[in-house]
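Subject: Structure handover

Hi,

Here is the structure for you to look over.

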Amino acid sequence: MKVIISAGGTGGHIYPALAIAKKIRQKDPSSQILYIGTSNRMEKDIVPKEGFKFIGIKVEGLRRSLSFKNIKSVVLFLNAILRCKKIIKKFKPDVVVGVGGYVSAPVVYAAHKLGIKCCIHEQNSILGITNKFASKFADKIFVSFKSSVTALKQNQKVIYTGNPCGEIAIKAAPAKKEEYGLSPNKKLVLIVMGSLGSKVINEKMKHILTLFNNKDYEVMFVTGKNYYDEYKKIKYTSNIKVVAYVNNMVSLLKKTDCLVSRAGASTLSEIASLNVPTILVPSPYVTENHQYKNAMDLVSNDAALILEEKDLKGDILLRMVEKILNDKVFTNKLKKNLKKFEMVNSASVIYDEIVKLVGDKSERSS
């Protein structure tokens, strides 16, 4: 099977795309996979390291406000379609899979125009701008949340698959807490707001962390690389550890008793798969407030707690954290309800659906 996969811009798109690619390679070692991403974003470095052929194209998203820069974006988009058509004609894929980020739009559109079967995967509870566009040309729409199926009016093209990052999380080896300077015998509260961190959260956490001084559990706060230097002169007690970044976060999640996190789609799939009790602090700065909607999918089912950024204060966070750490009945209820969102074989489901689609094509051509 020959497959083109396209996604880019952020890890929230790239890592699910790579999970799908790896599953295809695992299930069909003879498969040929080509990854199309942007030529100037993080996928250009990440994807080749994973052993996949990569082609970068020049494309950028439209600005939401009126801007002359949108003229350039449109020109790049039209040029990207022409480039993608050439790539597709040369590679001759059986199927194209778009996993989000604006780079996937011209790829899916070009494939559709050339008569190639297309699938898209949406990580969030609502379709992003790119996938709203691409859904018009897709033969199958894979979604990460059951609520998305209802929201899309039970469209026959829509298939609930979950997020393939959850399947990867299950297979990850648990971390050794000692390697992070943590005690193996104390409960761990992990606070992380994405790989780059958040300016607003970091300003608030400078004081909030002092409320956790001398507790009988440990708190690790991940500042993000942009903000770590601001904390070097601040002294906290030994149970508090401040770091810039954590490699292999999923492995550490397996040793986490309470997580405080943004509500990105991949994170939610990981905590559901690993049953990590979580306080979600959705980013209010994302498109269509989709992190809040992601979070409410869990919160409305008593599978997580929510604390909006505007309400983030030390005493409130402290009470919520200690509720999770100390109230076993409450915490077990969260874990039980998280299991309802668990999708342990997401990548495998997506692979099977892709095979069905390619099979349909083969039957018609025979």
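This is a predicted model: local features need pLDDT of at least 70, side-chain atom pairs count only at pLDDT 80 or more; totals for chains, interfaces and linings use all residues.

**The seven-stranded sheet**

Seven strands make up an open sheet with parallel pairing. Their order is E3-E2-E1-E4-E5-E6-E7. The edges are strand E3 (53–57) and strand E7 (158–160). Each has a single partner strand, so one side of each is left without a neighbour in the sheet. From one strand to the next, the twist averages 20 degrees.

Strand E5 (residues 117–122) pairs with strand E6 (residues 140–143) over four bridges, in the parallel sense. Look at Cys119 here: Lys140 in E6 is its bridge partner. Helix H3 packs on this sheet. H3 touches strand E1 (2–6), strand E2 (32–38) and E3. The direction of H3 makes about 155 degrees with that of E3.

**H3 against H4**

H3 covers residues 69–91, and helix H4 covers residues 104–113. Their axes come within 8 Å and cross at roughly 55 degrees. That angle makes H3 oblique to H4. The crossing is right-handed.

Which residues meet? From H3, they are Phe77, Ala80, Ile81, Cys84, Lys85 and Ile88. From H4, they are Ala105, Pro106, Val107, Tyr109, Ala110, Ala111 and Lys113. By type, the contact has eleven nonpolar residues, no polar ones and two charged ones.

**The six-stranded sheet**

A further open sheet has six strands, again with parallel pairing. The order is E10-E9-E8-E11-E12-E13. Strand E10 (240–243) and strand E13 (305–306) are at the edges. Each of these has a single partner strand, so one side of each lacks a neighbour in the sheet.

Strand E8 (residues 188–192) has partners to check:

- E8 joins strand E11 (residues 258–261) through four bridges, and the two run parallel. Val192 stands opposite Ser261 in E11.
- E8 also pairs with E9 over five bridges, in the parallel sense. There, Val192 stands opposite Val222 in E9.

E9 is joined to E10 by four bridges, and these strands run parallel as well. Phe221 has Val242 in E10 as its bridge partner.

**Buried parts**

Is strand E9 buried or exposed? Five of the five residues of E9 (residues 218–222) are buried, so the strand is largely enclosed by the rest of the structure. Glu218, Met220 and Val222 point one way from E9. Val219 and Phe221 point the other way. Note that Glu218 is among the buried residues.

Helix H11 (residues 290–299) is largely enclosed too, because seven of its ten residues are buried. The buried ones are His290, Gln291, Asn294, Ala295, Asp297, Leu298 and Val299.

Last, Thr331. This residue is found in helix H13 (residues 328–338). Leaving out residues up to four places away in sequence, Thr331 touches Pro277, Lys323 and Ile324.

Best regards

Notes
Residues are numbered from 1 along each chain as its sequence is written. Side-chain values use heavy atoms; hydrogens and water are left out. Two strands pair if DSSP finds at least two bridges between them. Buried means under 20% relative accessible area, exposed over 50%, partly exposed in between (1.4 Å probe, protein chains only). Axes are lines fitted to C-alpha atoms, for helices over the stretch in contact, and angles run from 0 to 180 degrees between N-to-C directions. Angles under 35 degrees count as roughly parallel, over 145 as roughly antiparallel, 65 to 115 as roughly perpendicular and the rest as oblique. A crossing is left-handed if the near helix is turned anticlockwise from the far one by less than a right angle, and right-handed if clockwise. Contact means heavy atoms within 4.5 Å. Ala, Val, Leu, Ile, Met, Phe, Trp, Tyr, Cys and Pro count as nonpolar, Asp, Glu, Lys and Arg as charged, and the others, Gly among them, as polar.
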